[in-house]
Amino acid sequence: NNPRVSREFRHISQVNEFPWFIVREGQGTRVLVDDQRSKGATLTIYTTLFSIEIIGYVSGDREFTRSTWLQRARDDVARTLIKDNTLGGIVRSLDFSGEPSEVDEGDLEPKGGFIQEFIAVIDDEMEVV
């Protein structure tokens with residue numbers, strides 16, 4: 001099936017098409033000021049470490065188990081982002097942050113899901129007025 005992608009969170013019980021992916025801001029976003037390269041009161045150079053969470057939902061079927069679909073979905077997400085890890089030049093890099101975790105212990109069988117965090121490294125500067 002063609003994957004569905006949303007920025008709006010839905011619980012797996014609210015989804016009836018699979019695979020379903022949700023892309024949202026994570027909780028680990030941070031801003032780091034580069035004092036070495038900033039120019040005092042006129043220019044601030046900083047890096048934003050922007051946390052992105054991708055939640056993927058799958059459903060097993062007669063041919064493949066939910067575990068197989070979870071592995072494939074995680075791999076597809078990783079490969080897609082590795083192919084363009086600067087998001088078209090918008091970010092310096094896109095880094096994986098830890099291992100994906102499953103959203104349940106198998107109690108939603110045949111449905112299942114995972115959460116994977118990525119960190120988008122964004123360089124920027126701001127003139128101080």
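Everything shown here comes from a predicted model.

**View A. Arg66 pairs with Glu109.** The side chains of Arg66 and Glu109 form a salt bridge, with 3.4 Å from N to O. This one ties together distant parts of the chain: Arg66 belongs to helix 1 (residues 66-83), while Glu109 sits in the loop between strand 5 (93-102) and strand 6 (111-127), and the two are 43 residues apart.

**View B. Arg4 reaches over to Glu17.** Here's another salt bridge, this time between the side chains of Arg4 and Glu17, at 3.7 Å from N to O. It also joins distant parts of the chain, with Arg4 in strand 1 (residues 4-6) and Glu17 in the loop between strand 1 and strand 2 (20-25), 13 residues apart. How accessible are the two partners, Arg4 and Glu17? Arg4 is partly exposed at 39% relative accessible area, and Glu17 is partly exposed at 35%. Across the model, the salt bridge count comes to seven.

View C. Arg79 is exposed, at 52% relative accessibility, whereas Asp75 is partly exposed, with a relative accessible area of 36%. Elsewhere, salt bridges with shared partners tie Arg66, Glu102, Asp104 and Glu109 into one network.

**View D. A look into the largest pocket.** The volume of the largest pocket is about 420 Å³. Its lining is made up of 18 residues, and Pro3, Pro19, Phe21, Ala73 and Asp76 are the ones nearest the centre. Which elements each supply at least two residues of the lining? Strand 2, strand 4 (43-59) and helix 1 do. Helix 1 gives the largest share, with seven residues. By residue type, the lining splits into 12 nonpolar, three polar and three charged residues.

View E. Ser51 is part of strand 4. Is Ser51 buried or exposed? Its relative accessibility is 0%, so Ser51 counts as buried. The Ser51 side chain makes a polar contact with the side chain of Glu117, at 2.5 Å. If you skip the neighbours within four places in sequence, the residues in contact with Ser51 include Arg24, Glu25, Gly26, Gln27, Gly28 and Thr29. Glu117, Phe118 and Ile119 are also among its contacts.

**View F. Glu99 out on strand 5.** Glu99 lies in strand 5, and Glu99 counts as exposed because its relative accessibility is 70%, with the cut-off for exposed set at over 50%. How far apart are the C-alpha atoms of Glu99 and Gln14? They're separated by 25 Å, and the two residues are 85 residues apart along the chain.

How values were computed: Residues numbered from 1 in each chain as written. Predicted model: local features only at pLDDT ≥ 70, side-chain atom pairs only at ≥ 80, totals over all residues. Heavy atoms only, no water. Salt bridge = Lys/Arg side-chain N within 4 Å of Asp/Glu carboxyl O. Helix = DSSP H or I, 4+ residues; strand = E, 2+ residues; numbered from the N terminus. Buried < 20%, exposed > 50% of the residue type's maximum accessible area, 1.4 Å probe, protein only. 1 Å grid on protein atoms, 1.4 Å probe; cavity = no way out; pocket = protein on both sides within 12 Å on 5 of 7 lines; lining within 4 Å. Points joined across faces, edges and corners; volume = space filled by probe spheres on them. Nonpolar A, V, L, I, M, F, W, Y, C, P; charged D, E, K, R; others polar. Polar contact = N/O pair within 3.5 Å; in protein donor to acceptor, adjacent residues only side chain to side chain. Contact = heavy atoms within 4.5 Å.
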